Structure formats: C-alpha cells, structure tokens
Amino acid sequence: MSWGTELWDQFDNLDKHTQWGIDFLERYAKFVKERLDVEQNYAKQLRNLVKKYCPKRSKDEEPRFTSCLSFYSILNELNDYAGQREVVAEEMAHKVYGELMRYSQDLKAERKHHLQEGRKAQQYLDHCWKQMDNSKRKFERDCKEAEKSQISYDRLDNDINATKSEVEKAKAQFYLRTHMADESKNEYAAQLQNFNAEQWKHFNNAIPHIFKNLQDMDERRTVKLGETYRSFAEAERRVIPIVSKCLEGMVSAAKAVDERRDSSIVIESFKSGFEPPGDFPFEDFSQNLSRTGSDATISNTPKGDRERDGAPGPRPDPKHNTGRTKNKLWLFGKKPKAPSVEDFSHLPPEQRRKRLQQRIDELSRELQKEMDQRDALNKMKDVYEKNPQMGDPSSLQPKISETICNMEKLRSEIHKNETWLSEVEGKQSSRGDRRHSADNHHHTPQGRESPEGSYTDDTSQEHHTPHHRSGPPQPGNPNPDPHEFDDEFDDDDPLPVIGHCKALYSFDGQNEGTLVMAEDEVLYIIEEDKGDGWTRARKQSGEEGYVPTSYVEITLEKNSKGAVTYI
C-alpha cells in the first residue's frame with residue numbers, strides 16, 4: 001500500500017508521524033547510551049574491586065595456601081570478565097549508538113527536504129486556485145455590471161422623454177459591459193482549466209511522489225531500528241564464549257581448593273622438629289631430713305663473694321636503657337616547606353650537583369644566544385658603516401651595549417654556579433675518600449668508627465652488609481659503643497628537631513644504632529651529617545638512630561633552636 005494514493009489528504013498527519021519516528025529513534029539511541037554507560041561503570045567498578053583485593057606484597061611473601069591461590073585466580077578471571085564488559089560497551093558505542101546518531105541526522109535532513117517539496121507543491125496549487133478564484137469573481141462582477149447597463153438601456157429606450165443621445169450613451173455602455181463580461185468569462189474559463197490541470201498533477205503526481213519518498217524514509221528507519229536491535233544483542237552474544245571461559249576458570253579455581261594441601265602447608269611452615277617433652281621425674285625433697293645438721297649446713301657465702309669466686313651474676317640488659325625513649329611521642333607542628341635556596345644547598349649532594357649542572361647548561365645556552373646576537377649586531381653595524389644609506393650605525397650601539405651587559409651577567413652567574421658545583425664535587429670526593437679509608441680499616445677488631453666517633457667491640461658484624469633494594473651506596477656501617485649509645489638516648493631532654501627528611505630508599509637498619517625506615521617515610525632531623533655519611537634522625541614514635549645521608553632528602557630549618565653544627 002502506498003501513502004500517496006491512500007493518504008493523499010493527510011499531509012499534516014504524515015508530517016507528525018515522521019517526526020515521531022525520528023524522536024523514537026533518538027529515544028532508543030539514548031537508551032543504548034545509558035546502557036553502555038552502565039556497562040562501562042560496571043567494568044570500572046569490577047576492576048577497582050579486583051585492584052582493591054589483589055595482593056600488594058611480592059610473590060615470595062604470598063601465602064601458598066590453595067584457598068588463597070584460588071581466590072587470586074578468581075580475581076584474575078573477574079578482571080578478564082570486566083574487560084569483556086568493556087568490549088560490550090565499545091561495541092554498543094560504535095555499532096549501535098554512533099550509527100543511530102549519524103542515521104538520525106540523515107533522517108532529519110531528508111525529512112526536511114521532502115516536506116519542503118510538499119509545501120512548495122501545496123503553495124503552487126494554492127496560487128493557481130487564487131488566480132482562478134480572482135478571475136471567477138471578476139467575471140461575476142462584470143456580468144452584474146452588464147446586467148445593470150442592460151436594464152438602464154432598456155429603461156431609456158422605452159422612455160419617450162429620453163433624448164436620443166442618452167439612449168445612445170446607455171446603449172454604448174451596455175455593449176462595453178457586455179464585452180468586458182465576455183472577456184472575464186474567457187479568462188475565468190482559462191484559469192479554471194489551468195487550476196484543474198495543476199490540481200490533477202498535484203494529487204496524482206507531486207503528492208504521491210513526495211509521500212512515497214516519506215514512506216521509503218520511514219520504512220528505512222524501521223529497518224535500521226531492527227538492525228540496531230540485532231547489533232545490540234550481538235554485542236552481548238559475541239563475548240559469551242570468553243565470559244563462559246572466565247566463569248569456567250572460576251569454577252576450576254574453586255575445585256582447586258584442597259584442604260589437606262593447606263593443612264600440610266601449615267605443618268611445613270610451623271613444624272619445629274622437636275620431640276614432645278617426656279615425663280618429669282619425681283624429686284624427693286625429704287632426703288636431706290635424715291642428714292645431720294653439719295651435713296645439711298647451707299653455705300652462707302654472701303652473694304657478692306660468690307660472684308667474685310666466679311659464679312655468674314645477673315647481667316644488665318644493655319638495651320634496656322636504649323628503649324626508654326622509644327615509646328615517647330613527639331608532637332611537632334606542620335611539616336615545613338623546603339626553602340627555595342639559590343645554591344640548592346637544601347638538596348642532597350647528588351641532587352644539588354645535578355641541579356647546578358642543569359642551571360649551568362641553561363646559562364651557557366643563554367650566553368651563546370647573547371654572543372650570537374652581539375656578533376649579528378656587529379656585522380650589521382659594519383654594513384651600516386660601509387653603506388650609510390642602509391641605516392645609522394650609532395642606532396645599534398645601545399643594543400650592543402645591552403647585549404654585552406647581559407653577557408657579563410650571565411658569565412658571572414655561570415662562574416658562581418661553577419664555584420658551587422666545584423664545592424659539591426669536592427665534598428663528594430672527600431666523602432668517598434673517607435668511606436674508602438674506613439673500608440680499609442675493617443680488619444681491625446676495634447677499629448670501625450661509628451657516626452658519633454666512638455668505637456665498638458662487636459666483631460660479629462664486621463663484614464655484614466644490610467640487604468636493601470637498589471639505591472645509592474651506603475657509608476660505613478655505624479656500630480657505636482652500646483654504653484655511649486645508651487648515654488645519648490637516655491637523656492631526659494631529647495635533642496631538638498633541626499629539620500626533617502624524606503626517605504628516598506628503604507633502609508633495614510640491621511646494625512646497632514641505625515634506624516629502620518621505609519621508602520617515602522618522613523623523619524625528623526636531630527643531628528646533621530658530621531662528614532661520615534650518616535645523619536641522626538627520629539621517628540614520630542620517638543625512636544632515634546642513624547640513617548645514610550644519601551638515602552634521604554633533607555630540609556633544615558634556618559632558625560632552629562639548638563641546632564648542632566660540626567666543623
């Protein structure tokens with residue numbers, strides 16, 4: 001069935017229907033957009049969930065229990081499942097939503113074109129009708145005027161009192177009106193014939209053609225909706241095999257849980273290998289009752305004499321006093337910001353050296369630019385001197401002077417930064433010499449120097465190197481004398497804070513007197529580096545010790561009270 005033959009008089013309704021069709025298509029496109037947003041958010045939440053529960057420790061530290069391994073396998077499968085949800089969202093966005101929006105724009109343009117053609121055809125038909133109607137009205141007026149002139153002529157012709165001139169005038173008017181009525185009649189007949197022909201063309205050719213185009217457009221819209229419905233379902237169906245594999249992987253992980261294996265792992269992890277204790281023997285305390293008083297005399301040797309005779313006495317715990325301040329909590333204000341120092345003295349040596357070298361390179365490039373500009377100006381000045389008509393040489397002198405002044409400033413800045421760089425490199429080389437000298441004395445039983453300048457008798461850690469992840473080389477390991485260490489940490493008044501530092505690397509602090517720190521941990525500086533490569537720091541918990549200076553980024557407070565300076 002065709003809209004052109006069945007709905008020839010329903011132009012306005014077809015206009016509304018085609019607009020509704022486009023609105024419905026865009027409504028479905030909006031539904032697909034919200035659906036793919038749901039998929040994207042679902043996939044994002046799944047990935048965040050997997051990331052939250054994934055192990056953050058290294059594989060060596062992960063538990064070997066089958067229940068844990070199965071759970072991590074389920075997390076991996078769930079992560080793959082989230083990836084498939086993202087694939088679904090991408091398919092819907094590209095093949096459904098994007099296609100619908102492009103097709104909607106094409107439909108709007110096509111509908112507008114067809115409706116404009118229909119309106120133009122209707123307007124032309126209306127114009128033909130108005131011309132026919134105007135000619136009809138004119139013919140009607142002219143006929144009435146002719147009738148009036150005929151009545152007037154008949155009246156005067158029958159009036160015996162009327163003069164001949166009046167009769168002749170009325171007769172001429174009658175003939176004129178009759179002629180005008182005949183012309184209007186012919187015009188009306190022609191316009192009517194033309195309108196009928198245009199009306200037939202309008203309802204048999206123009207309108208059917210336009211309505212057929214609208215019908216084809218609407219049917220194509222319906223077909224496109226059916227195709228996108230299918231694409232919407234296909235986007236989901238394509239991932240079903242992979243999703244099924246993910247679910248099968250989860251089921252396999254669940255089947256891999258072995259309670260006996262987990263129990264054996266517990267046994268292997270905690271089994272000591274000792275035999276269970278045997279029966280306690282009976283102790284007969286009544287045997288001494290049968291002895292004489294002299295035999296049962298108990299020695300009254302004083303405790304002090306027994307100790308002098310070689311009996312072991314209680315030994316004080318050398319670490320007892322050390323822990324007195326570990327439980328103290330030190331409250332400090334807001335972490336001070338690193339000052340902006342021109343010579344970068346607030347940075348560690350290696351970072352300071354890099355920053356100074358970077359600044360020297362930048363200043364050198366600027367100096368080269370100024371030198372090139374000076375040479376160009378001098379060449380231009382020579383040209384002006386040889387050819388005065390090209391310009392005044394004296395006009396370039398202020399610019400040349402300004403360039404030379406800038407060059408002098410840049411040379412001064414470069415020299416200043418090179419001096420600071422030489423100072424840093426000199427300190428680093430001297431520190432390396434001190435570390436090398438300390439390493440050469442490791443064979444001495446009591447010859448390893450601590451950060452405080454004291455010596456230790458402990459030879460069990462002579463060649464022990466703490467295990468840490470890759471970082472800068474450590475200075476000589478501190479191992480201060482226990483009594484000297486205790487004396488420093490047993491003060492009731494702790495050393496004041498002179499700054500803070502941030503750990504660039506982790507440090508295990510296995511040697512006595514050192515402080516364990518984690519990467520990016522913030523510590524408080526209570527004593528600067530004396531030149532041996534160690535800095536004394538304090539944790540927020542109150543624990544104090546030495547850390548390698550090259551392992552931390554130090555910021556010292558300029559106006560710290562009680563700051564210790566070593567020369």
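Predicted model: local features only at pLDDT ≥ 70, side-chain atom pairs only at ≥ 80, totals over all residues.
Reader: Which residue in E5 is the bridge partner of cysteine 501?

Author: Let's look at strand E1 (residues 499-503) next to E5. These two strands pair in the antiparallel sense over five bridges. In E5, the bridge partner of cysteine 501 is isoleucine 554.

Reader: Are H3 and H5 roughly parallel or antiparallel?

Author: Two packed helices are described by the angle between their axes and the distance between the axes. For helix H3 (residues 66-158) and helix H5 (residues 240-255), the axes come within 9 Å and cross at roughly 170°. Because angles over 145 degrees count that way, H3 and H5 are roughly antiparallel.

Reader: How do the residues of the contact of H3 with H5 divide?

Author: You can find the contact in the structure from a few names. On the H3 side, residues including Ile74, Leu78 and Tyr81 take part, and they meet an H5 group that includes Val243, Cys246 and Met250. By type, the residues of this contact divide into eight nonpolar, four polar and four charged.

Reader: Where is phenylalanine 24, and how far in space is it from leucine 225?

Author: Phenylalanine 24 is in helix H2 (residues 11-53). Beyond its neighbours within four places in sequence, phenylalanine 24 is in contact with Arg221, Leu225 and Tyr229. Phenylalanine 24 and leucine 225 are 201 residues apart in sequence, yet their C-alpha to C-alpha distance in space is 9.7 Å.

Notes:
Residues numbered from 1 in each chain as written. Heavy atoms only, no water. Axes fitted to C-alpha atoms, helices over the stretch in contact; angles between N-to-C directions. Helix = DSSP H or I, 4+ residues; strand = E, 2+ residues; numbered from the N terminus. Parallel < 35°, antiparallel > 145°, perpendicular 65-115°, else oblique. Contact = heavy atoms within 4.5 Å. Nonpolar A, V, L, I, M, F, W, Y, C, P; charged D, E, K, R; others polar. Pairing = 2+ DSSP bridges.
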